[in-house]
Amino acid sequence: MREVFIRRLFRLLQIPRIHGAENRLAVRASTEFIHAGNQLLTESEEIVLEARHGRLFFSGQKLLMRRQGAIYIFGLLSMFEELQLSGLKFNRRFAEISPSHAHWFARLIIEAKQKEDPAKWLVAELSASGPPFVEIVFGNRQKSRIPYAEKAEMAHRMYSFAYNSLKDVSQGVIENRRPGIRKPLRIIQEIVDFAIQDPSILLGIATIQDYDDYTYTHSVNVALLSICLGQQIGLSENSQVFLGVSALFHDLGKIDIPLEIINKPTPLTEEEFKVVQQHSLNSVRQILKLHAGSDLIARIVLGPFEHHLKYDLSGYPEVNWKRPISLFGRIIEICDVYDALTSSRIYRPVPVPRDRALGMIAARSGKDFDPVLVKWFINMVGIFPVGTFVVLNTGEKGLISEGGSIEKNRRPKVLLLKEEKSGRFSTAKVVDLNRRDPETGQYRRTIKSTHHASAFGIQPAMCFMEIDHR
Ligand SMILES: [Fe+2]
Ligand SMILES: [Fe+2]
């Protein structure tokens, strides 16, 4: 029940960003939160959530960071940190609150983040209309932010869960078992929640390659990138989940293509290419066979159908209509091409460096890709995307660990790598390329050249797990 309460509190706090108090989803989130709280309050006088040493304590007991639920704990800890408080205490008055009351509380929390002294402001607002049902715990405020490496590990666990859930569904399809999609749906929901907290880690983890099987790795990467892009453009949480599932299954139809063609190291013949082109339609056919509600299927099936159709409706499968491609289709198309270009394939062992892949996408903007989405995408991954291997003017080598922002004129951060005698690289420290030399006013470090990390035998996602730069 404690986990349920935490999850519902987390959800409640996301709602006012998108919906007003009257909205059906908002009322449901508030009602569910109140229900969970009231159940707990039948057993104790109060519910105290408190951060201590980067851990969340529930009425004095430490909550374990299990895979499921960890994202909500981590979300609340980040929120406490942002609000500069130690925790929250829900008291007996909680039993009297209404859904609109709960929504009002969630709105206050969001508003407080903009204030200079958020905790003090919250105390005043909460008690403005009488004794409040929730109190601020100040305590001995310690740093509650979870170390970067731990968050990266959490993201990594989600990655492998998403990977395995897709593998299971594919296996079920191959064996004609009509598999359900409860597991992929659940993990995509968690990834969406994670993306709200820290999209940069997801972008870092989306650089994973050749986990085992290219199609599955590629599909998870495309799902992660699509979710992050969906979030950038302000899609609702629900839509992000449908987008993520749609992206995860976009190449499901590849299971119908003979492996000799998929793994062919030399260029495909015309006949073989025709077979490959059938995979979008195959994906549709396979998705329709999944054991899931027709509503859900309807929302996820269009993206896979359209993902090789270009913005100007060229590409495949051939269509004879003028209707523009759906938003999901346009998002998945960009993320698909980006991941495909930046992955090593049997016919192209050294992939295209990430910044050059972005350049190639930008060059086809308006023809192959939706120009507005391309701008958002470039802004999201940065001109130098996370995971790019760079050589600096100082001779140092490293990986872009934060992409910077064109809009804010922020240059990226780089995780420096140390070359060992054996030729292998180990991780050193993170440096900020915005730093200038105080005497000359020049940037201390600039990027001299970019390469794909795999050319140096490096898996960026693995390196990011070793750092703690926040
Ligand atoms: Fe595809
Ligand atoms: Fe693909």
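Okay, some ground rules before we look. This is a predicted model, so to speak: local features need pLDDT of at least 70, side-chain atom pairs count only at pLDDT 80 or more, and totals for chains, interfaces and linings use all residues. Residues are numbered from 1 along each chain as its sequence is written, chains are lettered from A and ligands numbered from 1 in the order in which they are written, and side-chain values use heavy atoms, leaving out hydrogens and water.

Let's start with the domains. The chain is assigned domain 1 (2–137), domain 2 (148–381) and domain 3 (389–464), with bounds that come from an automatic or database domain assignment. Domains 2 and 3 have their C-alpha centres 28 Å apart. Contact, meaning heavy atoms within 4.5 Å, links 19 residues of domain 2 with 15 residues of domain 3. About 1,300 Å² is buried between these two, and carbon and sulfur atoms give 54% of that. Buried area here is the accessible area (1.4 Å probe) that two parts lose on being put together, summed over both.

Now, helices. Two packed helices are described by the angle between their axes and the distance between the axes. How do α4 and α5 sit relative to each other? The axes of α4 (residues 99–112) and α5 (residues 118–126) come within 9 Å and cross at roughly 150°. That makes them roughly antiparallel, a word used for angles over 145 degrees. Residues in the contact include Trp104 and Phe105 of α4, and Trp121 and Leu122 of α5. The contact residues divide into nine nonpolar, no polar and two charged.

Next pair: α9 (residues 214–232) and α16 (residues 327–341) pack at about 130°, axes 9 Å apart. So α9 and α16 are oblique to each other. Among the residues touching are His218 and Leu225 of α9, plus Ile331 and Cys335 of α16. This time we get nine nonpolar, four polar and two charged.

Last, the backbone. Most residues other than glycine have a negative phi, and most peptide bonds are trans. Where does Gln84 sit? Gln84 is in the loop between α3 (67–83) and β4 (87–90), and its phi is near 55°, a positive value in a residue other than glycine. Then there's the peptide bond from Tyr316 to Pro317, which is cis, with omega near -5°. Pro317 belongs to the loop between α15 (302–306) and α16.

Terms used
Axes fitted to C-alpha atoms, helices over the stretch in contact; angles between N-to-C directions. Helix = DSSP H or I, 4+ residues; strand = E, 2+ residues; numbered from the N terminus. Parallel < 35°, antiparallel > 145°, perpendicular 65-115°, else oblique. Nonpolar A, V, L, I, M, F, W, Y, C, P; charged D, E, K, R; others polar.
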